[in-house]
Amino acid sequence: MALEVGIVGPAGSGKTSLFTALTRTGGGEYGKTNVGMAPIADARLDALAQVVSARKITPATIRIQDVPGAGEAQLGNLRQVDALLVVLAGFGAGADPSGDLETFNQLFPLGHAYFGYIDVIGRQNIIDLHPGLELQLLKEARHAKKVTLRAEHHLFWRESDDDAVYSAAGTVLRADNGSGAAYIGQETDLLLNWQIDRHWSAYVGYSHFFPGDFIQETGPAGDIDFVYAALQFTF
Ligand SMILES: Nc1nc2c(ncn2[C@@H]2O[C@H](COP(=O)(O)OP(=O)(O)OP(=O)(O)O)[C@@H](O)[C@H]2O)c(=O)[nH]1
Ligand SMILES: [Mg+2]
């Protein structure tokens, strides 16, 4: 299957123009979702075709999706793509590509792999000090191919103390509200993983969030406890 690339960026930034140039179709429709194939130029293919005097040359292709605007509904179409190509307008009076982007855009929420399993903290305006340790408790024992205990800790600060704290979904979790505090809080994650045999595994986890100055100064500030467990069969 062809590699899939999704073109994203602010409205009117030039996504469809780039799509048209790449797919050489002579016309992606403006303001519409366009899907097309872009041939991958490869000098080696041309050389091989010459050697065997090929009558037909079929280059490898990339499937490109051009999505208008940058709303959530449109971006949902892009969950399946292999790579994202972000277009920012660099033409016209007052063009400011870096200002348009403003902050890190994670596009898809997958916070817990990076900022703690509770998924309370997102990827914008964040400094995260994240030490972790994995201990192997058992290996090749009866009913246990492997048992590991993973302990991770996060210390969170706001990168800019004029900006909000964001959720894992990329929305504002807690607005600045005039607070000058940078320190957001800490999270401890414990995860016990039991690989029973080749197919079966089980895990149980506990996480705790300790709110810091910024959370306490800007609204409700209870601790969070998060417990979870799962039994998993892998084919
Ligand atoms: N001068 C200049 N104009 C451009 C460039 N790229 C795009 N445009 C113009 O900017 C306008 C918007 O370009 P599009 O390619 O439709 O932008 P888009 O990102 O697909 O817009 P939406 O689909 O509405 O989100 C068009 O009138 C383009 O001709 C560029 O590099 N330079
Ligand atoms: Mg467009």
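User: Against which strands do the buried residues of H1 pack?

Analyst: The buried residues of H1 pack against S1, S2 and S3, a contact being two C-beta atoms, placed from the backbone, within 7 Å. Helices (H or I, at least four residues) and strands (E, at least two) are DSSP runs numbered from the N terminus. This is a predicted model, in which local features need pLDDT of at least 70 and side-chain atom pairs count only at pLDDT 80 or more, while totals for chains, interfaces and linings use all residues. Residues are numbered from 1 along each chain as its sequence is written, and chains are lettered from A and ligands numbered from 1 in the order in which they are written.

User: Which residues of H1 are buried, and where do they lie around the axis?

Analyst: In general, an α-helix has 3.6 residues a turn, so residues three or four places apart point the same way. A residue is buried if 20 or more other C-beta atoms lie within 10 Å of its own, exposed if 12 or fewer, and partly exposed in between. In H1 the buried residues are Lys-15, Thr-16, Phe-19 and Thr-23. They cover an arc of only 90 degrees around the axis, which puts them on the same side of H1; the arc is that of the directions from the helix axis to the C-beta atoms.

User: What follows H1?

Analyst: Arg-24 follows H1, with a positive phi near 50 degrees. Arg-24 is found in the loop between H1 and S2 and is exposed, with 10 other C-beta atoms within 10 Å. Its C-alpha atom is separated by 8.9 Å from that of Met-37, 13 residues apart along the chain.

User: In what order do the strands of the open sheet stand?

Analyst: Strands pair if DSSP finds at least two bridges between them. Here four strands form an open sheet in the order S2-S3-S1-S4, with mixed pairing. S2 (34–39) and S4 (83–86) stand at the edges, each with a single partner strand, so one side of each is left without a neighbour in the sheet. Neighbouring strands of this sheet are turned by 30 degrees against each other on average, direction ignored; axes are lines fitted to C-alpha atoms, for helices over the stretch in contact, and angles run from 0 to 180 degrees between N-to-C directions. S1 (residues 3–8) and S4 pair in the parallel sense over four bridges, and Val-5 has Ala-83 as its bridge partner in S4.

User: How many bridges join S10 to S7 and to S11?

Analyst: S7 (residues 144–158) and S10 (residues 183–195) run antiparallel and are joined by twelve bridges; His-153 has Thr-188 as its bridge partner in S10. Eleven bridges join S10 to S11 (residues 200–211), again antiparallel, and S10 and S11 form a hairpin with four residues between them. The bridge partner of Leu-191 in S11 is Gly-205.

User: How many residues does the largest nonpolar core have?

Analyst: In soluble globular proteins, nonpolar side chains tend to be buried together. A nonpolar core is a set of buried Ala, Val, Leu, Ile, Met, Phe, Trp, Tyr and Cys residues joined through C-beta atoms within 7 Å. The largest one has 13 residues; those with the most contacts inside it are Ile-118, Val-120, Ile-121, Val-165, Ile-184 and Phe-214. S8 (165–166) and H6 (213–218) each supply at least two residues of this core.
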